Amino acid sequence: MRALPALALALALAPSAARANPLDMYGFLSRSTSLGGAVTADVGDVSAGYYNPAGLARLRAFRAELGYLHASPSLSTDGRDNRVDASRGFIGGLVAPGRIFRLPFAFGLAVHVPDDRLSQVRALTQTQPRWELYSVRLQRLYIAASLAISPWRWLRLGAGLVFMASTRGGFDISGRISATQPANSALTHGVDADLTAVRYLQAGAQVDLPANVTVGAAFRDEFRLDTQLDANLQGQIYVGGINDPRALVIPGSYGLRSRVLTAFQPRQVVLGAVWRMAPNLRVMADLMWVQWSRYENPTASLDVSLDLTIPASVPGLRQPSVPQPAAREAMRFRDTFVPRVGMELTTPVGRHTLAFRLGYHFDPSPAPAQPGLTNFIDASRHVAAFGMGITLRRLGAALPGTVSLDVHAAMQLLDSRSIVKADPNDPVGDYLATGTVLNLGTTLAVGFE
Amino acid sequence: MTARAALSAALALALGCGTGASPGGGDRELPAGRSGPYRLLDSEELPEGACLLRDQAATLEDPASLRLDVHRVALYFTRREGARRSIHRAVVVDGRRVEAASAEALAPSLGWHGGGVGAPDVATTRDGFAMLYDTPAGLGLATSTDGQAWRSADGPLLVADAAAGELTPLRAPTLVVRPDGGVIVAYESAGAIWAATADGLTVPLRRLDADERTPRREALVAPGADARDAGLVGYASGAVGDPTLRAEDSLAGRTLYRLFFSARSAPVGIDGGSAFERAIGLAGSFDGVHFARAESAVLSGRADPAVRAPSAWSDGPLRTWLFVSGRCDSAGRNEGIRVAVAPGNRRYPRTP
């Protein structure tokens, strides 16, 4: 167990290829998802690595969980399905508890691995309608490494780092271009891409109070992921054959610099409580503040330059002007408060346990009205969740601890939202947006004694 | 052993779920306005050359579309042979194929028709169909129960009133019939587009003033004041005309009025002389009275310098066809009905 702090430290400091976070939208692991995500004060399994790292310190034995998530959106505009990508992939992680300076301590690793793609980047114009909080944003690899301690029996503290990767790249083309005989152009090119790490902090606490009440708080910091692409074209334009000594030669360069905000996670602060009303019944509630107001317009900003050296012998030829980049509208997203509630009822079946769970949360849309050029489509979500789980105990010498199988089904219902444009000649015009998302998943957990 | 088997089965099931991958999505069936830009179909995309409808012995112009079903549209247009103008009808399938030879729908049969009838527009009414057209004497009204046989009114529906700014004969009328039976009629006079309204086509039209704050009557769409904007000539800086007005209810709960029109720039000095450019413009309104003109043309006249008189038809939520008058050959010896489409980013096979 002594190796665990070192392992956690190494993970925290090492650059990683992990990326952004689909868990805000669909939840992490079946038990917590079926409780509406209202688990900040209650979480005590691998999902603590996302919801509240302090919950890792509840565990006294090694625990590993593996599951699968499939969220299938049916999001439509004007009644037509926009075929937004499903989010699906493996979820899981482990918790390795121990003691450090005689205090209970745990290291947790939480992972979401999409099986369609590890990451997705799209550079769209701001006028193109897109489901801003779905689609690209949810196609991410997520890895979080967390540590938790319990300095007193009634207090648990935890913190962790989530890793992202930022992409910077470019390509250079140089050579000779024949304007009259393009097939005879001679060009060489090079590509240079660089992945750099982005990390953000998450932290949390859980405090046990009298009367079977626990309160919790969690903090997830903001991160933003930029993709930067530079293109440089340098060479000579030949009016005539490139080997023709009489050809007119125009040296020049063309540069394009593009920056796209490919992912953004708003800063989040969550307060929660759980009340264990009876040994087999607990109810819980969370309130989360989400700082969406810092979201910038994610559409590409372009900086284009053209420099041609036109020979003085051609007085009529002028360098063409380069297009000016379109002005990007401000996002004007709003901060939101997300209330969550959940309830879990357990019942013994022999030495095993059966659990039934219900959850709900309301997620107001941060997107403002879109009367101008932008079309960041979103609508407020009502999310109802249901789940069941069975925990099997003492299955034999191979599994002396517990094996749990949890399943969840959550349905997001998006309010119908009318997008009305101020300009009757708007290239997109008015439309009605609405939709549902069905989120199904299962988790298999193995807990050792 | 049982637990191991269950664990292995669950793991295999989970792995099996993740073996398929799908292409990226989220950009299908997205909403799109009708505001273009449009692209003229060329002779590689139409069965018989650059024009959808042509007549070697006559000029075909001023198309007006009436939706028949999701794939078919009736196209009414002017056939001009010498001084005689009459209105013909053809049925177009999928925007690019004429179903049968066109037939005459309305001929100049009454004394007040003068030299002819033309520039029609047709709308569906409670009783059947209504057609507005122009004559030298003014705008005329004809009615039909089947859209093919038309009966013209005994006199003009509206004649030019110089005091109302209509300094030239009224031409190229277009109409929208509201669900309550009320109508909006737009037409061209003196290089601008004007409008009148009534509770029905059987009662006299009242002229609309697009800006009641000014002492004189203002047109719905007038040539732009941007004739010389930063050295560039505005596409509608010379004159506007040939309106086609359509109303469309959005699912967001509003009615949007779209006015397609011919636009002509102010003269541009070229090689010691001057010339103007034609284009198709679009203006939009949420009340049918106050229109805002799009900043740029929806169809430029670069591909066809004779392009004018648009009429739009959408055969789905995402695609709009624009029928226009234009050249059937590069020299402009024969003019007929051409077709443009938006979005214009795909080419079409010659046979629909």
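Here are a few questions and answers about this predicted model.

Residues are numbered from 1 along each chain as its sequence is written, while chains are lettered from A and ligands numbered from 1 in the order in which they are written. Local features need pLDDT of at least 70 and side-chain atom pairs count only at pLDDT 80 or more, but totals for chains, interfaces and linings use all residues.

Reader: How many residues of chain A are in contact with chain B?
Author: Two residues are in contact if their C-beta atoms, placed from the backbone, lie within 7 Å. Chain B brings 31 residues to this meeting, and their partners in chain A number 40.

Reader: Which element gives the most to the side of chain B that touches chain A?
Author: Helices (H or I, at least four residues) and strands (E, at least two) are DSSP runs, numbered from the N terminus. Two elements of chain B give two or more residues here, strand S19 (278–285) and helix H1 (2–17). The most, 5 residues, comes from H1(B).

Reader: What is the mean pLDDT of chain B?
Author: pLDDT is the predictor's confidence in each residue, from 0 to 100. It stays under 50 over residues 13–21 of chain B, and is below 50 over residues 227–231 of chain B too. Where pLDDT is low, the predicted coordinates should not be read in detail. In chain B, 88% of residues reach 70 or more, and the mean is 87.
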